Amino acid sequence: MKKKIGIIGGGASGMVCAIVAAQGGCDVTLIEKNKKLGRKILATGNGRCNITNVDIGEHYYHGHHLSLVKETLKHFSKHHVENFFAKLGLDLVCIEDGRMFPMSLQSSSVVAFLEDALLQNGVKIKVDSNVKSLKYFSDKFIVLTDKEELFFDKVVISSGSLAMPSLGSSSDGYSFAKSFGHKIYPAFPSLVQLVSDEKLLKRVSGVKIDAILSAYVEKNLINEIRGDLLFTDYGLSGLAILDISRGVVYGLSQGKSCVIKIDLLPDISISSLKKLLQKKSQQFSSKKPALWLNGILHQKLVYFILEKTNLSHVLKLQTKHLHALAYMIKNLSITIVDSRGAKGAEVMAGGISCDEIDRKTFMSKLQKDLYFTGEVLDVDGDRGGYNLHFAWASGYLAGKHLLMK
Ligand SMILES: Cc1cc2nc3c(=O)[nH]c(=O)nc-3n(C[C@H](O)[C@H](O)[C@H](O)COP(=O)(O)OP(=O)(O)OC[C@H]3O[C@@H](n4cnc5c(N)ncnc54)[C@H](O)[C@@H]3O)c2cc1C
């Protein structure tokens, strides 16, 4: 008789796991609380779905026990992602910094091809079904949804993390895992915007620049990144902020002080900037500094920097003032007090401890025939396709193992 498999969560890892297990002949039921499968996939990569990366490596991932990631990447590379989707009919392209996308550049095509493969392989799909509890009794798993009771020989928990609850995310996977004795590392947001209590920030809201960001936790430099920075009325956003956010949010969760230092003009050294400011102040000695500074910096940033240096009312800038301005432009310090939380995060760090999960099969070491895949595990990746890569990889490898016994 066919093994009955229940998969909780119709997202990235759950759908791949269901397809692979069904292709191998299992009787698979995929249970999703949203009315549609793959809602989060639709939102990925700004609607384009950054599916994987040409450069996949363990060092792009974070968590307490990364040997599971190392083993996973050994068996599931970016070629496996390409082959898997090519077999479904979807080709990939690399369009920027090694990031790979569906050729259509539409996340919806990824979901459409996954759904088609689920149907072609006879997966029973139960959408609009919220799993309320999971129990094991007499060699069977009992899954209770808000509609019915279901019985399975094996269960895969692919219910993701709490990141962006508006897309259906939940922490249910952690509760189910806990009930089987699993250890959960506290979840915290990553790839997320940062909140500051700096009142003047409202004045520069909407300004987007290329900057070098240095993150300090308790005055120790923990990361430095160059990229897009967007000032907002609540704090800092932009791709470089998402990239640097993980360590800052972790620091905040430990009650530590966090500061982002911003180099607003990364292509000019501080000594050259001092000379440039000196030259401009002499050339335009009869004009207000706010005017000639606008030839160097965005107007809103000029007012912001003048306020921060207490120079907004000084008409004739002396050398010491110019040096203070140059320093501020190269080292603007913004104190961070919070993040935008799970509702703004692309992923959650933390989750189910990987040292209680078999590295090759994704089966629980504590409960026979119970599996975990994707973001519900204590694995989070950098931006660039790494999170989806792990979701596909873990779903695929767990799916293959479901066929074995
Ligand atoms: C805005 C945004 C953009 C992103 N962009 C990228 C990107 O471009 N590249 C990249 O690599 N990563 C990206 N990510 C991260 C990536 O989407 C996730 O890491 C990945 O989807 C995780 O896959 P998963 O299968 O573990 O979980 P999910 O894809 O989140 O799927 C989990 C599913 O389980 C369902 N579920 C939860 N609880 C229950 C329950 N009790 N009963 C039934 N169903 C339940 C949820 O509704 C959900 O559909 C992005 C994330 C966000 C939020």
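## The five-stranded sheet

Let's start with an open sheet built from five strands, which run in the order β7-β2-β1-β11-β20 and pair in parallel. At the edges sit β7 (124–126) and β20 (370–372), each with pairing on one side only. Ignoring direction, neighbouring strands here are turned by 20 degrees against each other on average. Keep in mind that this is a predicted model.

Now zoom in on one pair from that sheet. Strand β1 (residues 4–8) lines up with strand β11 (residues 154–157) in the parallel sense, and four bridges join them. Take Ile5 as an example: its bridge partner in β11 is Lys154.

## Around the ligand

The ligand has 39 residues around it, and the closest are Gly9, Gly11, Gly160, Gly168 and Gly374. The largest share comes from α13, with four residues.

What kinds of residues make up the shell? Sorted by class, there are 19 polar, 13 nonpolar and seven charged residues.

## Two domains

The chain is assigned two domains, and domain 1 comes in two stretches (4–189 + 349–402), while domain 2 covers 193–340. Taken over C-alpha atoms, the centres of domain 1 and domain 2 are 40 Å apart.

Where the domains meet, six residues of domain 1 are in contact with seven residues of domain 2. On the domain 1 side, the touching residues split into three nonpolar, two charged and one polar.

Conventions:
Residues are numbered from 1 along each chain as its sequence is written. This is a predicted model: local features need pLDDT of at least 70, side-chain atom pairs count only at pLDDT 80 or more; totals for chains, interfaces and linings use all residues. Two strands pair if DSSP finds at least two bridges between them. Helices (H or I, at least four residues) and strands (E, at least two) are DSSP runs, numbered from the N terminus. Axes are lines fitted to C-alpha atoms, for helices over the stretch in contact, and angles run from 0 to 180 degrees between N-to-C directions. A residue is near a molecule or strand if its C-beta atom, placed from the backbone, lies within 6 Å of it. Ala, Val, Leu, Ile, Met, Phe, Trp, Tyr, Cys and Pro count as nonpolar, Asp, Glu, Lys and Arg as charged, and the others, Gly among them, as polar. Domain bounds come from an automatic or database domain assignment. Two residues are in contact if their C-beta atoms, placed from the backbone, lie within 7 Å.
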